[in-house]
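Biologist: Hello! I am new to this structure. Could you walk me through the words you use for it?
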Amino acid sequence: MGDWELVALRDAFFRLDGGSMFGVIPKVLWDRKKPADERNRIHLGLNCLLVKSPNWTALIEAGIGDKIAPADEDIYGLERETGLPAELAAEGLETDDIDFVILSHLHLDHCGWATVRDGDSYHPTFKQARYIIQKSEWQAAAKPDRRSRASYDSRNFEALQKGGVLHLVDGEHEVLPGIRVMHTGGHTWGHQIVVLESGDSRCVFLGDLVPTLAHFKTNWHMSWDLFPLELMAVKEGLLREAAERDDLLFFTHEDGEAFARAGILGEV
Ligand SMILES: [Zn+2]
């Protein structure tokens, strides 16, 4: 896209309960798009977006990582192939080559590789990077409400502050020329999306605002969303505009191709 190269990297595949993934939508409808397995789970990707420019390298999202307990790996049906560090290596990159890490939010399936284990403690994986997170998400993750507690694992983010890599932002923020984060809320208190613009082209990294292609319709959203009506309002406006402009969209949890053109996805 313009001067940049956008690369979809896949940390792993996993499975989540199909009912939870589609909130109030009946199974007879969602099962046609995302068929459930014998444990009612649907197959999902853990996709990260790498942006390479001549002057910097940015990573959006950090996968599920390697801190999941074996019992939970079974519940999540985790299928690792290469993993994010190996995917970066295949792109000729080491962890110290990443200049910016942008995290949509701090649920454990989005920031798993943000930190790595070092003896009894953890340190930032991307030591040279600036990690861009919404301040409201940081505060919510540090003191999670009881509904969200199981979705946060402090080992994934606590060390970012001590490591001096944490860069908290409040609302809309230009990370680099052409790369903006926008606070959306909806899914969590501090969920953000990333808008990439180069020349006439635009790509929107949707995070968990729209996790898969099957979530394109406004009322098809997850039961984990803390603020459904807020999410639906933001999503509707954003996807309508994206469809008009035929933006490139990036879907974090799609198990097939992570990119899609908004213009071909139909009615919101
Ligand atoms: Zn997620």
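Modeller: Gladly, and let us start with "buried": a residue is buried under 20% relative accessible area, exposed over 50% and partly exposed in between, with a 1.4 Å probe and protein chains only. By that cut-off, 54% of the 268 residues of the protein chain count as buried. This is a predicted model, in which local features need pLDDT of at least 70, side-chain atom pairs count only at pLDDT 80 or more, and totals for chains, interfaces and linings use all residues. Residues are numbered from 1 along each chain as its sequence is written, and side-chain values use heavy atoms, with hydrogens and water left out.

Biologist: What makes the protein chain as compact as a globular protein of that length?

Modeller: First, the protein chain has seven helices and 14 strands; these are DSSP runs numbered from the N terminus, helices being H or I with at least four residues and strands E with at least two. Its radius of gyration is 17 Å, close to the 18 Å of the globule rule for 268 residues, so the protein chain is as compact as a globular protein of that length. The radius is taken over C-alpha atoms, and the rule is 2.2 Å times the number of residues to the power 0.38.

Biologist: Why are E1 and E8 said to stand at the edges of the sheet?

Modeller: Six strands form an open, mixed sheet in the order E1-E2-E3-E4-E7-E8. Strand E1 (5–17) and strand E8 (166–169) each have a single partner strand, so one side of each is left without a neighbour in the sheet.

Biologist: How do you know that E3 and E4 pair?

Modeller: Pairing requires that DSSP finds at least two bridges between two strands. Strand E3 (residues 57–60) and strand E4 (residues 100–102) have three bridges, in the parallel sense. Isoleucine 60 has isoleucine 102 in E4 as its bridge partner.

Biologist: Which residues coordinate the zinc ion, and why is its site called irregular?

Modeller: Asp109 (OD), His110 (NE2), Asp208 (OD) and His253 (NE2) coordinate the zinc ion at 1.9 to 2.4 Å. Donors are N, O and S atoms within 2.8 Å of the metal (3.2 Å for Na, K and Ca); water is not among the atoms, so sites may look incomplete. Four donors count as tetrahedral if all angles lie between 85 and 135 degrees; four count as square planar and six as octahedral if opposite donors are over 155 degrees apart and all others between 65 and 115, and anything else is irregular. Here the angles among the four donor atoms run from 83 to 156 degrees, and the site is irregular.

Biologist: Are aspartate 109 and histidine 253 buried or exposed?

Modeller: Aspartate 109, at 11% relative accessibility, counts as buried, and histidine 253, at 1%, counts as buried too.
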